[in-house]
Amino acid sequence: GLGLSYKKDENFGEWYSEVVVNGEMIEYYDISGCYILRPWAMSIWEIMQTFFDAEIKKMKIKNCYFPLFVSSGVLQKEKDHIEGFAPEVAWVTKSGESELEMPIAIRPTSETVMYPYFSKWIRGHRDLPLRLNQWCNVVRWEFSNPTPFIRSREFLWQEGHTAFATKEEADTEVLDILELYRRIYEEFLAVPVIKGKKSEHEKFAGGLYTTTVEAFVPNTGRGVQGATSHCLGQNFAKMFEINFENEKGEKAMVWQNSWAYTTRTIGVMIMVHGDDKGLVLPPKVASVQVIVIPVPYKDADTKGIFDACAATVKSLNESGIRAEADFRDNYSPGWKYSHWEMKGVPLRIEIGPKDYANNQVRAVRRDNATKHDIPMADVVERVKDMLDNIQQSLFDAAKEKRDVCIEVVHTWEEFAEALGQKKMILAPWCDEEEVERDVKTRTKGEMGAAKSLCSPFQQPELPEGTLCFASGKPAKKWTYWGRSY
Ligand SMILES: O=C(C[C@H]1NCCC[C@H]1O)Cn1cnc2c(c1=O)CCCC2
Ligand SMILES: [Mg+2]
């Protein structure tokens, strides 16, 4: 029957796999690591896309579409870009029965697809800035445990690729985009994130520096890279000869950025807000924000109740609230309550004989299960306030929960203990790459090694003489560490 067979706090992995299916977001597919995104998931992607697309259009960024296929010569052009990733590239080697002359890669990302044309299109400083984005799918044939939304062999994303005459312009855009990613997480998905910079070891190998918004899943004690905004410097410009004649008539290389967020965002939201009754959707990303359910009683005025439901839906929709009624006569009200709770609809409105007689409705919040009797005349205003309140309290609850998982440490012993307690660890670090590699080695285990998540832009005070938690050398910066997805 209805209901989950796993509890979030007891069997998180099984709970997650069940909740994405029972919530009708995902259907498993016969190829491992690939998932069907059903409308209940796709509508969330579209709501975020509508926001992000409008924001980048305000920044004069234009959408385009490049081919799915990359020739192998081009893909291997930027050496350190590809060396670490080669095993993940999927190749087309045949068409029908015949072998292809040259194998063709399926894009795992589009730097090497786009940049030969950036080189062709960018001649003079008037061609700059060039700022393109594409909404598409990418394929990475990963082997570590596939997880719906979080780690799949094909996923949807947007990838922005921009070129500027100066580093200052690139640096500014990196942070403008990162702020949009923070808004996606904190204002839409109600998930708190930390803005920061990736270490040299964790950054995008082909780039100059990587900025990130880091989320955290308290149940597993794992950090999640939420979205990334990279400054590529002039590395790709050198490789792909993307030069321009500057205003002094000199030949100069462009400064580039690339930035992405993916369908992983949806998985993070589910992991953070979901509970043992199923999904819990923040109103901003819920395709149905209010579900109205008639509770007919054998001899009560059923038609009146149904009309009241339809009128309630109509007035909510007219005020911009996404409301629907569930009039199906082959399911009981109780069944409907569980069904829409499983799907995470933020607010339920029940109209039964008593409500109808008293010209009121009963609203039930999905996040805290509280019940509220509302006069019909006040429904639109009260529902608007409740949805805003649900959005804010989901964020506040998630932030509180994430904050208690943060542990500040100064020594290796404290670090190891906090890691064992599934914490996100803030530690003073000497910022030396081999020390980071050493931390990975020392924390290897079946749970996976700890890694640096980011050095937060908001740096706490670092008193003179503070030593690195891992090497004992003078610390240079506070850095978040933890296990991750
Ligand atoms: O994709 C990026 C960098 C960059 N790509 C464009 C959008 C922003 C940012 O994600 C890093 N990266 C990750 N994973 C892979 C590659 C790769 O370049 C290339 C080969 C396959 C796997
Ligand atoms: Mg990867």
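**Briefing: side chains, burial and charge pairs**

The backbone nitrogen of Phe-204 lies 3.1 Å from a polar atom of the Thr-210 side chain. The structure is a predicted model, in which local features need pLDDT of at least 70 and side-chain atom pairs count only at pLDDT 80 or more, while totals for chains, interfaces and linings use all residues. Residues are numbered from 1 along each chain as its sequence is written, and side-chain values use heavy atoms, with hydrogens and water left out.

- Thr-210 belongs to strand E10, which covers residues 209-217; helices (H or I, at least four residues) and strands (E, at least two) are DSSP runs, numbered from the N terminus.
- Thr-210 counts as buried, because its relative accessibility is 2%, where buried means under 20% relative accessible area, exposed over 50%, and partly exposed in between (1.4 Å probe, protein chains only).
- The side chain of Thr-210 also makes a polar contact with the side chain of His-230, at 2.7 Å; a polar contact is a pair of N or O atoms within 3.5 Å, and within protein one must be able to donate a hydrogen and the other to accept it, while residues adjacent in sequence count only if both atoms are side-chain atoms.
- Leaving aside neighbours within four places in sequence, Thr-210 is in contact (heavy atoms within 4.5 Å) with residues including Gly-196, Lys-198, Phe-204 and Thr-228.

**Salt bridges**

- The structure holds 32 salt bridges, each being a side-chain nitrogen of Lys or Arg within 4 Å of a carboxyl oxygen of Asp or Glu.
- In one of these, the side chains of Glu-214 and Lys-198 meet at 2.8 Å, N to O, and this pair links distant parts of the chain, with Glu-214 in strand E10 and Lys-198 in the loop between strand E9 (194-197) and E10, 16 residues apart.
- Both partners are buried, since Glu-214 has a relative accessibility of 2% and Lys-198 has a relative accessible area of 8%.
- Lys-248 and Glu-250 meet through their side chains in a salt bridge of 3.9 Å, N to O; here Lys-248 is exposed, with a relative accessible area of 68%, and Glu-250 is partly exposed at 40%.
- Glu-179, Arg-182, Arg-183, Glu-186, Glu-187 and Lys-195 are joined in a network of salt bridges.

**Glu-55 in its helix**

- Glu-55 lies in helix H2 (residues 39-58) and counts as buried, because its relative accessibility is 14%.
- The side chain of Glu-55 makes a polar contact of 2.7 Å with the side chain of Lys-58, and, leaving aside neighbours within four places in sequence, Glu-55 is in contact with Leu-180 and Arg-183.

**Cysteines**

- The structure holds zero disulfides, a disulfide being a pair of cysteine sulfur atoms within 2.5 Å.
- Cys-430 is in no disulfide, and the nearest cysteine sulfur, that of Cys-468, is 3.8 Å away; Cys-430 is buried, at 1% relative accessibility.
- For Cys-454 the closest cysteine sulfur, in Cys-405, is 16 Å away, which is too far for a bond.

**A nonpolar surface patch**

- Tyr-29, Ile-31, Ile-36, Trp-141 and Phe-143 form a nonpolar patch on the surface, with about 500 Å² of accessible area together; accessible areas come from the Shrake-Rupley method with a 1.4 Å probe, and for residues only the protein chains shown count as cover.
- Patches are made of residues with over 30% relative accessible area and no salt bridge, where like charges are joined within 9 Å and nonpolar side chains (Val, Leu, Ile, Met, Phe, Trp, Tyr) within 5 Å.

How values were computed:
Chains lettered and ligands numbered in written order.
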